[in-house]
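Please open the model in your viewer and keep the selection panel at hand. The stops below go from one selection to the next, and each says what is found there.

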Amino acid sequence: MSRFTRRDVLAAFLGLPAALAACRWQSPQRLPEGEIVGASDLIGHRIRDGLHITPSQDQWQRVGVVIVGGGVAGLSAARRLLKAGFDDFVLLELEQAPGGTARSGRSPLIAYPWGAHYLPAPMKENTALISLLDELGVLEGRDADGQPVVAEQFICRDPEERVFYRGRWYEGLYLRAGATADDLAEFDAFNAEVNRWVAWRDSRGRRAFAIPVATGSDDAEVIALDRVSMASWLERRGWNSPRLRWLIDYACRDDYGLTLDQASAWAGLFYFASRVTNPGAEARPLMTWPEGNGRLVSHLYEKAKSKVRLGLAACEIIPADANGDKGVDVIAVDHECQSAFGFHTNQVIFAAPHFLSRYVIRPYRENPPAHVSEFQYGAWMVANLFLKDRPRDRGFPLAWDNVLYESESLGYVVATHQLGLDRGPTVFTYYYPLCDSDPRDARSKLLAAGRDEWADVALTDLSRAHPEIRSLVERLDVMRWGHAMIRPRPGFIWSEARRVASQPYRGIHFAHTDLSGVPLFEEAFYHGTRAAEEVLEATRRR
Ligand SMILES: Cc1cc2nc3c(=O)[nH]c(=O)nc-3n(C[C@H](O)[C@H](O)[C@H](O)COP(=O)(O)OP(=O)(O)OC[C@H]3O[C@@H](n4cnc5c(N)ncnc54)[C@H](O)[C@@H]3O)c2cc1C
């Protein structure tokens, strides 16, 4: 963005008024040191451009299964194979670190997230995820209804959330201060509608919104919600309270990187209804760690470590025949595209984002199937700010999640919060989803801005709530997620494309979280586990 002025950059990401105010009061800007941490888009772009490389004869090996992708889905697949006593596999991960979008980092002070940062406690029906949490030692039993009980130290500490509005912080996310009677009536009506969906069951006893998504209802009344946007759904009910719309818009941006005009009503309601056991109950408690879901990644990675090859990207997957009976060849390259390795394998678990399948799977390269282009992804910027001390606050005190009402960003989470370190140095993880209507425009903007531009955006944005932030931040690193998460736009969740993409193809079993249409740890874990079970079943039949 070198041909753009500071004002242009800030206006593009924070809006013109914020840019004008920043340029009027603060110039020139001193930025803290820092760097772009990832993700590695160069190797991805080479693969997209048709990278074709043949390993030498001595670089081929035979292995029972190849897992492509070491995010939560790939690592969960590895866990399931190992649990079944199957260890004849290798997991290829493009990056030098495991975890994908649930990756984390560590400073001398504390660990911190680079993406996913919480997991709601599962409901009792999600037995597979409960077994993982039991393994991690985060559960301490079951309550009278059989729901898993999370040990207190893993439940997000109070205060959980606060919102900054016109000069001060308020508790929670719904802005009650200044709300009119009409605002509150609409908020209550919305909650009543959410509770109606929490209570709703289809003729087979399935919830409308369940986690994993595959266990929820496909009844016509539920599917119909996916045909309209969340904004239209609200409009049809005559609900236009700015505070209610803000809350739902925030929820859609937070979980999906979409505005309420862009997200399907099914996805919007899923956010509110899927984590509530009974009408009127609180949502399931959130579990978090300083490094967010990086803690879950570390556990999964430890189990599979000896099978994981970091820094190796699958660039071509070549099924030998139409049924996948004769096996599959996988070609992988290192980061610099200098060395190539080949794997003759029986089956592949493809746990990389689905859009990549058209660049990597040879028959898809030659003849891209229509369903793949239906998978669209949003772009996100995440910054970690290393502070030597806390900013002063007006109003409600620092919480785990700190949201700015009048910002395009989602605000920040605080790494030290869960450990009860409430004074002194800390790390803020700042989240900015690029919600452009065309995700390609969002990606171009994301990558056009470098570390300094993004650092200035984050600091300018946060200085609305913390005017002294620049004097407190000693370092600021940036992650640019080009294909951060699947976009559950209207029509996608219940599309034929999503159904077709989940089917195995010539010995390749698909596992990425995007197959659920919503980007969640639980969905990645579900698909990784499911794909591994498909592989085990096919191995038994061989
Ligand atoms: C900013 C952000 C915040 C989020 N917050 C939350 C949250 O708080 N809670 C939550 O539940 N979810 C959250 N999510 C979503 C969550 O991270 C994902 O749903 C889940 O972790 C996805 O796991 P995955 O393995 O399916 O995919 P990914 O995380 O996308 O992992 C795919 C992996 O495949 C690798 N890969 C890609 N191409 C190749 C190749 N050719 N060869 C080898 N490897 C390859 C990638 O490097 C990556 O490691 C967040 C996501 C983002 C981006």
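The largest cavity has a volume of about 40 Å³, where a cavity is, on a 1 Å grid over the protein atoms alone, a set of points where a 1.4 Å probe fits but cannot get out, and where a volume is the space filled by probe spheres set on the points, with grid points joined across faces, edges and corners. This is a predicted model, in which local features need pLDDT of at least 70 and side-chain atom pairs count only at pLDDT 80 or more, while totals for chains, interfaces and linings use all residues. Residues are numbered from 1 along each chain as its sequence is written, and side-chain values use heavy atoms, with hydrogens and water left out.

Select P113, T288, W289, P290, W400, V413, V414, A415 and Q418, which line the largest cavity; lining residues have an atom within 4 Å of a point. This lining divides into 7 nonpolar, 2 polar and no charged residues, with Ala, Val, Leu, Ile, Met, Phe, Trp, Tyr, Cys and Pro counted as nonpolar, Asp, Glu, Lys and Arg as charged, and the others, Gly among them, as polar. The count comes to 1 cavity of 30 Å³ or more.

**Stop two: the second largest pocket**

Next select E160, E161, F272, E282 and A283, which lie nearest the centre of the second largest pocket among its 41 lining residues. A pocket is an open set of points with protein on both sides within 12 Å along at least five of seven lines, and about 1300 Å³ of space lies in this one. Colouring by element shows that α6 (181-199), α9 (242-256), α10 (265-273) and β18 (411-414) each supply at least two residues of the lining, with α6 giving the most, 5 residues; helices (H or I, at least four residues) and strands (E, at least two) are DSSP runs, numbered from the N terminus. By class, the lining of the second largest pocket has 25 nonpolar, 6 polar and 10 charged residues.

**Stop three: the ligand**

Now centre the view on the ligand: of the 36 residues around it, A73, E93, T101, H512 and F521 come nearest, a residue being near if one of its heavy atoms lies within 4 Å. Which backbone has an N or O atom 2.7 Å from an oxygen atom of the ligand? That backbone belongs to F521, while a polar backbone atom of G100 is 3.4 Å from an oxygen atom of the ligand and a polar backbone atom of L94 is 3.2 Å from a nitrogen atom of the ligand. The protein covers 94% of the 1000 Å² of accessible area that the ligand has on its own, by the Shrake-Rupley method with a 1.4 Å probe. The largest share of the shell, 3 residues, comes from β13, and the shell has 24 nonpolar, 10 polar and 2 charged residues.

**Stop four: an aromatic pair**

The structure holds 30 aromatic pairs, counted for rings of Phe, Tyr and Trp (its six-membered ring) with centres within 6.5 Å, planes under 30 degrees apart being stacked, over 60 edge-to-face and the rest tilted. Select Y112 and F386, whose ring centres are 5.2 Å apart with planes at 80 degrees, so the pair is edge-to-face. Y112 in strand β5 (residues 111-113) and F386 in strand β16 are 274 residues apart, and the pair links distant parts of the chain.

**Stop five: backbone details**

Finish with the backbone at P159, in the loop between β8 (148-150) and β9 (161-165), where the peptide bond from D158 is cis, with omega near -10 degrees. The peptide bond from I211 to P212 is cis, with omega near 0 degrees, and P212 is found in the loop between α6 and α7 (220-223). R166, in the loop between β9 and β10 (168-171), has a positive phi of about 45 degrees although it is not a glycine.

Notes:
A polar contact is a pair of N or O atoms within 3.5 Å; within protein, one must be able to donate a hydrogen and the other to accept it, and residues adjacent in sequence count only if both atoms are side-chain atoms.
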